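Open the model in your viewer and keep the sequence panel beside it. The stops below say what to select next and what is there.

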Amino acid sequence: MVLLLLLMSALACFAQDAILQKPEVRKALDYLKAHHEEHLDNQIRIAEIPAPTFQEAQRARYMEKEFRRVGLKDVEIDKQGNVLGWRPGKSAKALVIAAHLDISFAPGVNTKVRKEGKRWFAPGIGDDSRGLAALLAIVEALNHASIETSKTLLFVANVGEEGLGDLNGVRYLFGQSPHKSKLDSFISIDGVSPARIVNGGTGVKRYLVNLHGPGGHSYGNFGRPSAVHAAALIVAKLAVLPVPAKPKTTYNVGKISGGTTINAIAEEASLEVDLRSEDPGELDKLELKFLESVRMGVAEENAMRKASGTVIKEEHKIVSHRPGGQTPADNALVRAAQWASQATGHKPSLGYSSTDSNLPISLGIPAVTLGGGGKGNNAHSLDEWFEPDEAWKGPQMVLLTILAYGSRIP
Ligand SMILES: [Zn+2]
């Protein structure tokens with residue numbers, strides 16, 4: 001049995017390495033290298049079209065035109081605002097290849113791209129303009145080399161990946177879209193390094209907590225409960241919660257606000273809290289402990305100021321939930337990505353992140369997030385940069401993943 005398995009995996013290796021020998025595959029890979037500069041120019045054009053989460057329409061219209069230009073079929077912008085384009089394969093079952101339209105910046109951010117030395121700077125230049133440009137490059141390369149894939153490919157430029165978008169683009173695609181029953185696997189191109197394969201989705205829950213009290217003069221009404229003091233008691237409990245290092249589990253009070261002036265008892269306060277874990281069970285446990293901290297913090301403040309006959313009231317709501325999970329390391333899609341990463345000269349590693357892949361993973365649909373090539377850093381900051389160092393290897397790696405995933409031992 002063990003021997004048989006070894007033999008089968010060796011055969012799978014040969015079958016995949018044989019992909020590299022095919023002249024049409026060489027032709028597609030060479031095309032991506034030869035046209036790298038054009039693809040970079042397109043990435044810059046895309047980055048300059050503003051697309052804050054919930055306001056992706058202008059960039060979506062550009063991608064719609066581009067999907068038509070590269071010859072995708074039945075191009076449409078769906079009800080959620082995602083741009084869809086099809087490339088039929090031998091089977092009707094579709095592998096989705098997606099990149100997100102939105103950037104993690106407020107409306108009005110300056111998206112003008114500037115170059116300094118070897119680096120290009122702009123909010124969203126890598127995250128995810130690189131991914132969007134890579135989608136188009138891959139279609140061009142497949143067409144140039146007349147490659148027919150085994151699965152149908154559905155290319156998607158989706159909305160709502162960042163922040164409070166809460167994955168609404170892919171959530172619609174897999175939950176409500178009329179195409180959902182055809183979609184059997186998913187690749188998101190996000191991030192840059194072709195060595196980093198994200199097969200795990202970090203689960204995320206985000207809460208907004210509002211506290212409301214009687215207010216009053218800091219001296220004259222001393223003894224009434226304060227919304228800010230209650231908020232501080234909540235944070236103090238959360239700040240000392242032990243969490244496991246593995247599976248990685250984290251909490252953060254990212255924003256705290258409240259009060260109006262130094263000599264008034266705060267009437268209002270609010271907290272924005274981000275909870276994450278690689279393991280869905282640990283995330284649920286953390287959520288319970290967090291909600292307990294909220295209850296206890298408010299109860300302590302109220303108990304201390306009981307004599308005043310006034311209380312702090314608390315309301316909390318979940319503002320974002322990204323379900324987590326993992327595509328197993330031995331899944332054919334993960335193995336295809338590992339092989340493709342090696343085949344393009346990288347040492348692949350598997351890891352966790354919070355990306356569009358979270359959603360299909362939580363539904364049991366194989367999904368990975370792969371890098372679009374090049375180097376970059378400072379995503380989500382105004383100093384985000386991208387360096388197109390051998391950047392063609394990103395689309396090459398994704399293209400090889402697509403081909404290896406579909407290939408079967410004869
Ligand atoms: Zn991204």
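## Stop 1: two helices

Select helix α2 (residues 23–34) and helix α11 (residues 393–406): their axes come within 9 Å and cross at roughly 155 degrees. This is a predicted model, in which local features need pLDDT of at least 70 and side-chain atom pairs count only at pLDDT 80 or more, while totals for chains, interfaces and linings use all residues. Residues are numbered from 1 along each chain as its sequence is written.

Some terms for this stop. Helices (H or I, at least four residues) and strands (E, at least two) are DSSP runs, numbered from the N terminus. Axes are lines fitted to C-alpha atoms, for helices over the stretch in contact, and angles run from 0 to 180 degrees between N-to-C directions.

α2 and α11 are therefore roughly antiparallel to each other (angles under 35 degrees count as roughly parallel, over 145 as roughly antiparallel, 65 to 115 as roughly perpendicular and the rest as oblique).

Now show side chains. Val25, Ala28, Leu29 and Leu32 of α2 meet Pro395, Gln396, Leu399 and Leu403 of α11; residues are in contact if their C-beta atoms, placed from the backbone, lie within 7 Å. By class, this contact of α2 with α11 has seven nonpolar residues, one polar and no charged (Ala, Val, Leu, Ile, Met, Phe, Trp, Tyr, Cys and Pro count as nonpolar, Asp, Glu, Lys and Arg as charged, and the others, Gly among them, as polar).

## Stop 2: another partner of α11

On the α9 side the contact includes Leu333 and Trp339, and on the α11 side it includes Met397 and Tyr405. The contact residues of α9 with α11 divide into 11 nonpolar, two polar and no charged.

## Stop 3: the sheet

Next select the open sheet of four strands, with the order β10-β11-β9-β12 and antiparallel pairing. Two strands pair if DSSP finds at least two bridges between them. β10 and β12 (313–322) stand at the edges with a single partner strand each, so one side of each has no neighbour in the sheet. From one strand to the next, the twist averages 15 degrees.

Go through the pairs:

- β9 (residues 203–212) and β11 (residues 268–277) share 10 bridges; lysine 205 has leucine 275 in β11 as its bridge partner.
- β10 (residues 249–258) and β11 share nine bridges; glycine 258 is partnered by alanine 269 in β11.
- β9 and β12 are joined by nine bridges; for arginine 206 the bridge partner in β12 is serine 320.

Helix α8 (residues 280–304) lies across β9, β10, β11 and β12, running at about 160 degrees to β11.

## Stop 4: the two domains

Finally, colour domain 1 (13–201 + 324–406) and domain 2 (203–322); these bounds come from an automatic or database domain assignment. The C-alpha centres of domain 1 and domain 2 lie 38 Å apart. Their contact takes 10 residues from domain 1 and 10 residues from domain 2. The side of domain 1 that touches domain 2 has three nonpolar, six polar and one charged residues.

Conventions:
Contact = placed C-beta atoms within 7 Å.
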